Amino acid sequence: MVAWLIRGVLAVGILIIGLLALASRPADSPAPTAAGAPPLSTPAGVPPTAPTPTAEPFVQRVVSRVARETQAPFPTSTPLPNGAALVSIVDFGYMPGTIRVHPGQTVVWRNDGREEHDVTGDDWHSGPMEPTIEYRQTFGTVGTFTYRCSIHTDMTGIIVIQLSNPR
């Protein structure tokens with residue numbers, strides 16, 4: 001019952017505000033046209049004329065006065081140490097997937113993709129790697145080691161540590 005009483009009071013209030021708005025409108029204001037704009041007023045007895053085009057449109061051209069200098073070149077990545085091997089992480093894969101190095105050599109994984117990855121072996125882990133981040137691991141013993149991305153489980157790779165060929 002109370003809810004209907006409140007709704008009735010609101011409806012009466014809206015009706016009164018609408019009537020006051022209509023009553024406060026001056027009597028001589030022109031009624032809006034179908035497009036919503038008031039009609040153009042012309043002096044009595046003079047027919048309306050069509051607008052005439054201007055001679056030439058005004059076009060302002062803006063010329064930038066800011067001097068732009070070419071920046072000096074800078075390295076895009078950290079140079080690899082001598083004897084290091086690079087594995088690039090791109091688009092949900094390690095490239096190359098299998099890498100061969102010698103004992104004591106460092107392997108560098110660099111995230112060249114757009115997603116976050118990591119490098120996880122049996123007893124080592126890089127942690128999350130945002131794009132352009134590198135992780136380095138030095139291997140000292142001969143053997144074959146597998147690694148994977150724990151974020152994307154279908155990404156795997158192999159490192160083969162072998163002795164150098166005797167000459």
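Q: Let's start with the three-stranded sheet. In what order do its strands lie, and what is the pairing?
A: In general, strands of a sheet pair through backbone hydrogen bonds, either parallel or antiparallel. Here, in this predicted model, 3 strands form an open sheet in the order E3-E7-E6, and the pairing is mixed.

Q: Which strands are at the edges, and what makes them edge strands?
A: Strand E3 (98-101) and strand E6 (143-148) are the edge strands, each pairing on one side only. From one strand to the next, the twist averages 20 degrees.

Q: In which sense do E6 and E7 pair, and over how many bridges?
A: E6 and strand E7 (residues 156-161) are antiparallel partners, with 6 bridges between them.

Q: Which way do E1 and E4 run, parallel or antiparallel?
A: E1 and E4 run parallel and are joined by 5 bridges. As an example, Leu 86 has Val 108 in E4 as its bridge partner.

Q: And E4 with E5, parallel or antiparallel?
A: E4 and E5 run antiparallel, again with 5 bridges joining them. Trp 109 is bridged to Tyr 135 in E5.

Q: How should I read the two faces of a strand such as E5? Which residues are on the covered face and which on the uncovered one?
A: The general idea is that in a regular strand the side chains alternate between the two faces of the sheet. In E5, Tyr 135 and Gln 137 make up the covered face, while Glu 134, Arg 136 and Thr 138 are on the uncovered one.

Q: Let's move on to charged side chains. How many salt bridges does the structure hold?
A: Side chains of opposite charge can pair when their charged atoms come close. This structure holds 3 salt bridges.

Q: Which residues do they link into a network?
A: The network consists of Arg 110, Asp 112, Glu 134 and Arg 136. Take the links one by one. Arg 110 meets Asp 112 through their side chains, at 2.9 Å from N to O. Arg 110 also meets Glu 134, at 3.6 Å from N to O. Because Arg 110 is in strand E4 and Glu 134 in strand E5 (residues 134-138), this pair ties together parts that are 24 residues apart in sequence. Finally, Glu 134 forms a salt bridge with Arg 136, whose closest N and O atoms are 3.1 Å apart.

Q: Where does each of these side chains stand on the scale from buried to exposed?
A: Residues under 20% relative accessible area count as buried, and those over 50% as exposed. Arg 110 has 15%, so it is buried. Asp 112, with 35%, is partly exposed. Glu 134 is partly exposed too, at 23%, and Arg 136 is partly exposed at 34%.

Q: Which residues does Tyr 94 contact, once sequence neighbours within four places are left aside?
A: Its contacts include Val 87, Ser 88 and Ile 89, and also Trp 109, Asp 118 and Val 119. Further along the chain, among its contacts are Tyr 147, Arg 148, Cys 149, Met 155, Thr 156 and Gly 157.

Q: To finish, which pattern of elements does the whole chain follow?
A: Along the sequence, the protein chain reads α-β-β-β-β-β-β-β, with 1 helix and 7 strands. Buried residues make up 22% of its 167 residues. The chain exposes about 13,400 Å², and carbon and sulfur atoms supply 61% of that area. Among contacts between residues at least 6 apart in sequence, 49% join residues at least 24 apart.

Note on methods
Residues numbered from 1 in each chain as written. Predicted model: local features only at pLDDT ≥ 70, side-chain atom pairs only at ≥ 80, totals over all residues. Heavy atoms only, no water. Pairing = 2+ DSSP bridges. Helix = DSSP H or I, 4+ residues; strand = E, 2+ residues; numbered from the N terminus. Axes fitted to C-alpha atoms, helices over the stretch in contact; angles between N-to-C directions. Contact = heavy atoms within 4.5 Å. Buried < 20%, exposed > 50% of the residue type's maximum accessible area, 1.4 Å probe, protein only. Areas by Shrake-Rupley, 256 points an atom, 1.4 Å probe, with all protein chains shown as cover. Salt bridge = Lys/Arg side-chain N within 4 Å of Asp/Glu carboxyl O.
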